Amino acid sequence: MSAWGTAAGAFVGTLVLTTALRAAAELRLTRMDLPFLLGSAVTANRTRAKAVGYLLHFLNGEAFAFAYYAVFLAIGTAGWWLGALFGLLHGLFAGTALVSVLLPLVHPRMGSPLTSAPEVALLEPPGFLMLHYGLGTPLVTVAAHIGYGALVGGFTVLGA
C-alpha cells in the first residue's frame with residue numbers, strides 16, 4: 001500500500017466522480033450540482049461558488065481517500081473491490097446523513113422547512129437520499145462514489 005498511490009487515486013477518483021455527476025446533470029438524471037452546493041456555503045456569488053466548490057470537492061476527495069487509506073492500513077489490505085465497497089458506504093453516507101441531514105444544518109444559504117417567505121434561499125434542501133434533486137440522484141451518486149472508491153483502492157495497491 002502506498003500513500004502516494006492513494007493521493008493519485010484520490011485525484012483520479014474525484015475527477016471521475018465529478019465528471020460523472022456533471023454528465024448526469026447535463027443528461028437530466030439529476031439536478032444536483034455538488035460544486036455549487038459546497039461553494040455556496042462559502043460565498044453567495046454564484047460564479048465564485050462554483051469555482052470554490054470544485055476546489056472544496058477536490059480537497060474533500062483527498063481527505064476521504066486518506067480516511068480510506070487509514071482503514072486499509074488498519075485492516076492490512078486494500079484493493080479496488082474493497083475501495084468500491086467503501087465507495088458504496090461513502091455514497092450512502094453522503095446521501096443519507098452528510099448532505100441531507102448535516103449540510104442543511106450548517107449551510108447558511110440552504111432553505112429549510114423553517115425558512116420564512118421573506119428569506120430567500122440560494123439552494124433547495126436535498127432531502128433524504130437527495131431526492132429533491134431528482135429521482136436519479138441517489139443512483140447516480142452511489143454509482144459515482146463506487147467508482148471513486150474502486151479507483152482509490154486500486155491506485156493504493158498499484159503505488160506499492
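**Close-up views: cavities, pocket and helix packing**

**View A.** The lining of the largest cavity is made up of five nonpolar, two polar and two charged residues. The model shown here, as in the other views, is predicted. The largest cavity holds about 70 Å³ of space. Its lining consists of Thr 18, Leu 21, Arg 22, Met 32, Asp 33, Leu 34, Pro 35, Tyr 54 and His 57. Two or more of the lining residues come from each of α1, α2 and α3, and α1 has the largest share, with three residues.

**View B.** A search of the whole structure gives two cavities of 30 Å³ or more.

**View C.** The largest pocket has a volume of about 310 Å³. It is lined by 20 residues, of which Leu 34, His 57, Asn 60, Phe 64 and Leu 98 are the closest to the centre. Among these, Leu 34 and His 57 also line the largest cavity. At least two lining residues of the pocket come from each of α1 (3-26), α2 (34-39), α3 (46-75), α4 (80-106) and α5 (137-158). The largest share, six residues, belongs to α4. In the pocket lining, 13 residues are nonpolar and seven polar, with no charged residue present.

**View D.** Helices α1 and α3 pack with their axes 8 Å apart, at an angle of about 135°. The two helices are therefore oblique to each other, since angles over 145 degrees count as roughly antiparallel and those from 65 to 115 as roughly perpendicular. Their crossing is right-handed. On the α1 side, the contact is formed by Ala 3, Thr 6, Ala 7, Ala 10, Phe 11, Thr 14, Leu 15, Leu 17, Thr 18 and Arg 22. On the α3 side, the contacting residues are Lys 50, Tyr 54, His 57, Phe 58, Gly 61, Glu 62, Ala 65, Phe 66 and Tyr 69. By class, the contact residues are 11 nonpolar, five polar and three charged.

Note on methods
Residues are numbered from 1 along each chain as its sequence is written. This is a predicted model: local features need pLDDT of at least 70, side-chain atom pairs count only at pLDDT 80 or more; totals for chains, interfaces and linings use all residues. Side-chain values use heavy atoms; hydrogens and water are left out. On a 1 Å grid over the protein atoms alone, a cavity is a set of points where a 1.4 Å probe fits but cannot get out, and a pocket is an open set with protein on both sides within 12 Å along at least five of seven lines; lining residues have an atom within 4 Å of a point. Grid points are joined across faces, edges and corners, and a volume is the space filled by probe spheres set on the points. Helices (H or I, at least four residues) and strands (E, at least two) are DSSP runs, numbered from the N terminus. Ala, Val, Leu, Ile, Met, Phe, Trp, Tyr, Cys and Pro count as nonpolar, Asp, Glu, Lys and Arg as charged, and the others, Gly among them, as polar. Axes are lines fitted to C-alpha atoms, for helices over the stretch in contact, and angles run from 0 to 180 degrees between N-to-C directions. Angles under 35 degrees count as roughly parallel, over 145 as roughly antiparallel, 65 to 115 as roughly perpendicular and the rest as oblique. A crossing is left-handed if the near helix is turned anticlockwise from the far one by less than a right angle, and right-handed if clockwise. Contact means heavy atoms within 4.5 Å.
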